[in-house]
Amino acid sequence: MTVNPTASLGVAVVLLMESAGESAVADSTNGRPIAERWCAECHVVTPGQSSL
């Protein structure tokens with residue numbers, strides 16, 4: 001039995017897109033406190049924050 005490389009690539013892309021969608025939701029929910037703690041010193045991460 002031979003494996004079709006195009007089909008394998010298609011399945012891999014679909015699986016990656018599925019998992020990327022879930023992680024994007026988690027990042028928007030849980031990423032803000034991390035960004036405010038670690039990134040806000042050098043980057044604007046909140047709407048009311050002024051840039052240096």
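Is Cys 42 buried or exposed? Cys 42 is exposed, at 64% relative accessibility. Here buried means under 20% relative accessible area, exposed means over 50%, and partly exposed lies in between (1.4 Å probe, protein chains only).

This is a predicted model: local features need pLDDT of at least 70, side-chain atom pairs count only at pLDDT 80 or more, and totals for chains, interfaces and linings use all residues. Residues are numbered from 1 along each chain as its sequence is written, and side-chain values use heavy atoms, with hydrogens and water left out.

**Overall make-up**

The protein has one helix and zero strands. Both are DSSP runs, numbered from the N terminus: helices are H or I with at least four residues, strands are E with at least two. Of the 52 residues, 2% are buried. The protein exposes about 4700 Å², and carbon and sulfur atoms supply 64% of that area. Accessible areas come from the Shrake-Rupley method with a 1.4 Å probe; for residues, only the protein chains shown count as cover.

**Cysteines**

The count of disulfides is zero. A disulfide is taken as a pair of cysteine sulfur atoms within 2.5 Å. For Cys 39, the closest cysteine sulfur is in Cys 42, 8.7 Å away, so the two are too far apart for a bond. Cys 42 is in no disulfide.

**Salt bridge**

Side chains of opposite charge can pair when their charged atoms come close. The whole structure holds one salt bridge, defined as a side-chain nitrogen of Lys or Arg within 4 Å of a carboxyl oxygen of Asp or Glu. Glu 36 and Arg 32 form it, at 3.9 Å from N to O. Both lie in helix H1 (residues 5–38). They are four residues apart, about one turn of the helix.

**Nonpolar patch**

Leu 9, Val 13 and Met 17 form a nonpolar surface patch, with about 320 Å² of accessible area together. Patch residues have over 30% relative accessible area and no salt bridge; like charges are joined within 9 Å, nonpolar side chains (Val, Leu, Ile, Met, Phe, Trp, Tyr) within 5 Å. Val 13 is in helix H1.

**Partly exposed residues**

| Residue | Relative accessible area |
|---|---|
| Glu 36 | 39% |
| Arg 32 | 45% |
| Cys 39 | 31% |
| Val 13 | 39% |
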